[in-house]
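Please keep the sequence and the structure in view while reading.

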Amino acid sequence: MTPRLNEIWVYLAGSPLLGLTATLLAYQLAWTIYQRAKFNPLANPVAISVALLVLVLTLTGTPYQTYFDGAQFVHFLLGPATVALAIPLYQQLSKLRRDWFALLVGVLAGSTAAIATAMGTAWLLGASKATILSLAPKSVTTPIAMGIAEKIGGLPSLTAVLVIATGILGATLARSILRLMKVTDHSVMGFALGVSAHGIGTARGFQVSEEMGAFAGLAMGVSGVLTALLLPLALRLLGVI
């Protein structure tokens, strides 16, 4: 390491900027790989950047909290970014007015299927009750999912990992699966991405088209609200919690 680079590293290592710098560099490298792979969904930049950050934190022995103290500015930007999804969605207002009932039924069906298959599979494999409850909100965006998990008796930290894994898998595989099913309408594809793969799926949708991203954002938001309201109630009625 040259003296100049060594000075920069010493400064960053003792500064809250380390987490932010590491996040931006990891994502830039992941995006470069994604571009060179000709935007192949298997080279998902979120998955690659997460793997890079985990590797760096492990090799350097950096506690996650130390990393997050510097990276929380990116976390803060999730709020404005989510609100900004309303702009492309507004441009699809005519479709929303026409298909609102079908969209609502689609969210309910998709969210129910995601919850039932996750909990059912975990139960069949002999998972503990806490693990099963942690899996229930895994298709909802992370902040909402963690709140739901805490409320119903799950493990919020486990839920966060499951949500990220779900988003990465959904963004990687969903479009190919939908093509095999001969689903080509961008609004339908985006809606499916949003219900099943929340924010990461929405980001993937915007990479394909603004219409796909807009409907993914709508599905993500509505799915999160309905799951937060109805899942705890349904589990109580079923005697699960």
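H198 is found in helix α11. In this predicted model, H198 has a positive phi of about 40°, although the residue is not a glycine. Is H198 buried or exposed? With a relative accessibility of 3%, H198 counts as buried, because the limit for a buried residue is under 20% relative accessible area.

T166 lies in helix α10, which covers residues 156–180. Once the neighbours within four places in sequence are left aside, T166 is in contact with K138, S139, S196, A197 and H198. T166 itself counts as buried, at 14% relative accessibility.

Another residue of helix α11 is V188, and this helix comprises residues 186–208. V188 is partly exposed, with a relative accessible area of 44%. In sequence, V188 and M212 are 24 residues apart, while in space their C-alpha atoms are 7.7 Å apart.

A positive phi is also found at K38, a residue other than glycine, where the angle is near 60°. Where does K38 lie? K38 belongs to the loop between α2 (17–36) and α3 (45–60). K38 is exposed, with a relative accessible area of 72%.

Helix α2 contains W31. The relative accessible area of W31 is 23%, and the residue is therefore partly exposed. Residues up to four places away in sequence not being counted, W31 touches F39, P45 and Q207. Between W31 and Y64 there are 33 residues in sequence and 23 Å in space, taken from C-alpha to C-alpha.

The next topic is helix α12, in which T227 is found. T227 is buried, with a relative accessible area of 4%. Apart from residues up to four places away in sequence, T227 touches S111, I115, V140, I148 and P232.

How many salt bridges does a search of the whole structure find? The search finds two, and they are set out in the table below.

| Salt bridge | Distance, N to O |
|---|---|
| E211 and K95 | 2.3 Å |
| R98 and D99 | 3.1 Å |

E211 is partly exposed, its relative accessible area being 21%. In the salt bridge formed by R98 and D99, R98 counts as exposed at 59% relative accessibility, whereas D99 is partly exposed at 28% relative accessible area.

The remaining remarks concern the protein as a whole. What does its secondary structure come to? It consists of twelve helices and zero strands. Read along the sequence, the pattern is α-α-α-α-α-α-α-α-α-α-α-α. The radius of gyration of the protein is 19 Å, close to the 18 Å that the globule rule gives for 241 residues, so the protein is as compact as a globular protein of that length. The C-alpha trace spans about 65 × 40 × 30 Å along its principal axes.

Among contacts in the protein with a separation of 6 or more, 61% are made by residues 24 or more positions apart. Of the 241 residues, 37% count as buried; T227 is one of the buried residues, and H198 is another.

Surface and charge complete the account. The protein exposes about 13800 Å², and carbon and sulfur atoms supply 71% of this area. How far apart are the mean positions of the positive and negative charges? The protein has 14 positive and 7 negative charges, and their mean positions are 9 Å apart.

Technical notes. Residues numbered from 1 in each chain as written. Predicted model: local features only at pLDDT ≥ 70, side-chain atom pairs only at ≥ 80, totals over all residues. Heavy atoms only, no water. Salt bridge = Lys/Arg side-chain N within 4 Å of Asp/Glu carboxyl O. Buried < 20%, exposed > 50% of the residue type's maximum accessible area, 1.4 Å probe, protein only. Helix = DSSP H or I, 4+ residues; strand = E, 2+ residues; numbered from the N terminus. Contact = heavy atoms within 4.5 Å. Rg over C-alpha atoms; globule rule 2.2 N^0.38 Å. Areas by Shrake-Rupley, 256 points an atom, 1.4 Å probe, with all protein chains shown as cover. Lys, Arg positive; Asp, Glu negative; His and termini not counted. Charge placed at Lys NZ, Arg CZ, Asp CG, Glu CD.
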